[in-house]
Amino acid sequence: MNNKILSLFLCILFIVTSFSVAAMTKTSQIKNADDLKTSCHIKIYKDNAQTLVSNLLEEGFDVLRDKITESTFELIVTPNEIKKIESIGIDFEIISRGRPFIEIQKEMQKNPSFIPPGYSDLTEIIDEMNETESNYPDICKVYDLTETYGCSETYEGRHIYAIKISDNVEDDEDEPSFLMVSCHHAREIGTPVIALYSIEQFTSEYGSDPDITSIVDDYEIWISPVWNPDGYEYCYYYDNMWRKNRRPPNGVDLNRNYPFGWNSGCSGSTDPYSETYKGPSCASEPETQTMIAFTNDRHFAKVLDYHSYGSEVLYGYCCHSHPFSSFFETEAVALSNAAGYYGSIRVPSAEGENYEWQIWGNGTYANLMETHVEFQPSYSSALAEAEKVFPGTMWMLERPISVSGHVVDSITGEPLNAKIEIEDVSFSNDEKFFCEPNFGRYHLFLPSGTYNIKFECENYNSQTHEVTVTSTSEEILEVELARINCPPNKPSIDGPSIGKSGEEITFHFTATDPDDDDIDYYVKWGDGNSIEWDGPHKSGETVTFSHIWERKGTYDIWAKARDVYGEESGIEVFTITIEKKSKNVIGETNIFKLLLYRLFQNFQKLIT
Ligand SMILES: [Zn+2]
C-alpha cells in the first residue's frame with residue numbers, strides 16, 4: 001500500500017466515523033463481494049459527499065459527474081474496487097450489475113417503441129464499413145490499421161480498422177487529415193453509432209450536399225468507430241459496464257495510456273484493478289501504439305474523439321499549462337454550441353488521453369466530446385444524438401486552419417521534416433510542431449495575434465516569417481529552405497594506364513556525396529572529346545564510360561562530379577599512354593595464317 005492509498009484509507013475511515021444515522025440505515029445489497037465477476041453501477045450515501053468524491057476521483061475511481069448531490073453520488077466500479085469500498089465500511093447500494101449488453105438489447109427489442117436495427121456487434125460494424133466501401137468505392141476505403149502499420153494485435157488478437165473518405169480515395173492526396181475516433185471506452189456504445197452515422201452522411205450526401213462535398217474533396221477524412229475492439233466485444237457479450245481493454249489482470253484504460261502526461265501527478269491510476277488504470281508503461285497497449293503509428297504517418301490537422309456520457313466538450317490539458325488554453329476554451333464553446341451542447345465545456349479529468357497527446361505532439365486542433373446523458377441509451381436515442389452532434393463535426397472540419405503550407409527543399413522540392421517554432425510563445429511541455437513526412441505539409445492553429453514563425457531543418461538555413469492571424473485566418477505560407485550543402489568528393493578513375501589507338505578502352509568512375517545527393521559526371525578524354533554532365537547517378541555508384549583514342553600519345557583523362565545543387569567536386573586526373581596499333585593485319589598468334597601470308601608475300605616477289 002503506497003502512501004497515497006494509505007492516506008486515502010485513513011481519510012475515508014475518518015469520514016466513515018462521521019456518517020449520518022440516515023445513511024447507516026442503508027444496507028449494501030451484496031452479501032459477498034467475492035461473488036462479483038462484472039462491473040457495477042453503485043450509489044454511495046454520504047453527507048457532504050464532495051470530499052469523498054474528490055478523494056475517490058484522485059484515486060482513479062470512475063465517479064459519474066452528473067450524479068453528485070450533497071449527500072449521494074454514483075460511480076461505476078470493478079469488483080475489486082467494490083471490495084475496497086466495502087472493506088472501509090462505506091455504505092452503498094448497487095443500482096445495476098454488469099451483464100451482456102446483447103441481453104439488454106433483446107429486452108429493448110420487446111419494447112414497442114424499439115426502432116431496428118439496434119446496436120451492432122464488432123463484426124457487424126466492420127461489415128457495415130466494408131459495405132460502405134463497396135457502395136462508394138470512389139470515395140471510401142477501409143484500412144486494417146494493425147496490418148498497415150505492422151502493429152501488434154490486441155490482447156485478444158483483434159485488429160483496428162478505419163475508413164478513409166476522400167475524393168480520389170485510392171491516392172494519398174496532399175490534403176489536411178481529419179480523424180474521428182470513438183469507443184476508446186468499451187461501454188460507450190453510443191459513440192460507434194455516431195461514427196457510423198457520420199460515415200453514412202459523408203458518403204450518401206457527397207455530390208448533393210455542397211458543404212459535405214467540399215469537405216470530402218478538401219480533406220482526407222478518417223473514421224474509426226471502435227478503437228477498443230476487445231473491450232467492445234466484452235461489453236456486448238459479457239459485461240455491459242466494461243470500460244477498459246482486456247489486458248490481464250483487469251484491463252487498461254486506453255484513454256489514460258497515451259504518452260503526454262502519463263507520468264505526471266494527474267495521470268490515470270497505477271492500480272491495475274482501477275477503472276482508470278493507466279497501464280504498466282506509457283503507450284504499453286497495442287491500441288495506443290497503433291494510434292501513434294497512424295498519427296505519425298497522417299499528422300492529423302484535426303481530431304475529434306467521441307466518448308459518453310456528458311453532453312459537453314473537453315478541451316486543453318488537465319493539470320499542465322498551455323499558452324493557448326484560453327483560445328482552446330473559446331473554440332471549445334463554439335464547438336459545443338455547434339454540437340447542440342449549448343456551450344457546455346470542461347477541462348479533462350486526467351492526463352494521458354488521446355486528444356491531449358494529439359495537441360501536444362502535433363499542434364492538432366483536438367477535442368474530446370462527451371455525448372448523450374447515459375452510456376447505453378435506446379438505439380433510436382443514440383441515433384438521434386448522432387444526428388444532433390453531426391453539425392459539431394462539420395463545424396470542426398470547416399474551422400479554418402490559421403496557417404498552413406509546406407516546407408520543401410528549395411532546389412529539389414523534396415518535402416522536409418521541418419520543425420516549426422512559434423517564437424515569443426513559450427511552451428512549457430516541449431510541445432512539438434513538425435511537417436508531415438509525405439508532402440512536408442504543416443498546420444498551425446493560433447489565437448489572434450502577430451507571430452514570428454521559424455522553420456528549421458537540419459542541414460538547411462532556417463527562415464522566420466511574420467504572420468498576422470485572426471479568428472478567420474486561412475493563411476497559406478509556403479516555405480522553401482536552402483540546403484547547407486557539401487559538394488561531392490573527387491571521383492576515382494579506374495582503368496588501364498596503357499592502351500592502343502583505335503581500340504575501345506573502358507574506365508570506371510566513382511564519386512560519393514557527403515549529403516548522399518545524386519551525382520552527374522563530367523569527363524574529358526584529353527584528345528578534345530568529352531562527356532558532359534552524365535547523370536544523375538546514385539552517390540557511391542560506379543559509372544562506366546569507354547573511349548577510343550585515334551592517335552598514339554600520352555593523354556590526361558580529367559573527371560569531376562557535381563550534385564543536384566550544382567556544386568562541383570575537385571578534378572581528378574588519370575594519365576594513359578596510347579601506343580600505335582600493330583601494323584600486322586593478321587594476328588601474330590595464328591601461325592598458320594602467318595605462314596600463308598609469308599608465302600603470299602614471297603609469291604608476289606617472284607611474279608614482280
Ligand atoms: Zn470515455
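Tyr45 stands opposite Thr72 in strand S3. The model is predicted; local features require pLDDT of at least 70, side-chain atom pairs count only at pLDDT 80 or more, and totals for chains, interfaces and linings use all residues. Residues are numbered from 1 along each chain as its sequence is written.

Strands here are DSSP runs of E of at least two residues, numbered from the N terminus. Two strands are taken to pair if DSSP finds at least two bridges between them. Strand S1 covers residues 40-45. Its pairing with S3 (residues 72-77) is antiparallel and spans six bridges. S1 also pairs with strand S4 (residues 92-97), again in the antiparallel sense, over five bridges. In that pairing, Ile42 faces Ile94 of S4.

In a regular strand the side chains alternate between the two faces of the sheet. The covered face of S1 holds Cys40, Ile42 and Ile44. His41, Lys43 and Tyr45 make up the uncovered face.

A separate description applies to an open sheet of five strands. The order is S21-S27-S26-S23-S24, and the pairing is mixed. Strands S21 (498-500) and S24 (530-537) stand at the edges; each has a single partner strand, so one side of each is left without a neighbour in the sheet. Neighbouring strands of this sheet are turned by 25° against each other on average, direction ignored. The axes are lines fitted to C-alpha atoms, and angles run from 0 to 180 degrees between N-to-C directions.

Within this sheet, strands S26 (residues 553-563) and S27 (residues 572-579) run antiparallel and are joined by seven bridges. Phe574 in S27 is the bridge partner of Ile557.

Methods. Buried ≥ 20, exposed ≤ 12 C-beta atoms within 10 Å, placed from the backbone. Helix = DSSP H or I, 4+ residues; strand = E, 2+ residues; numbered from the N terminus.
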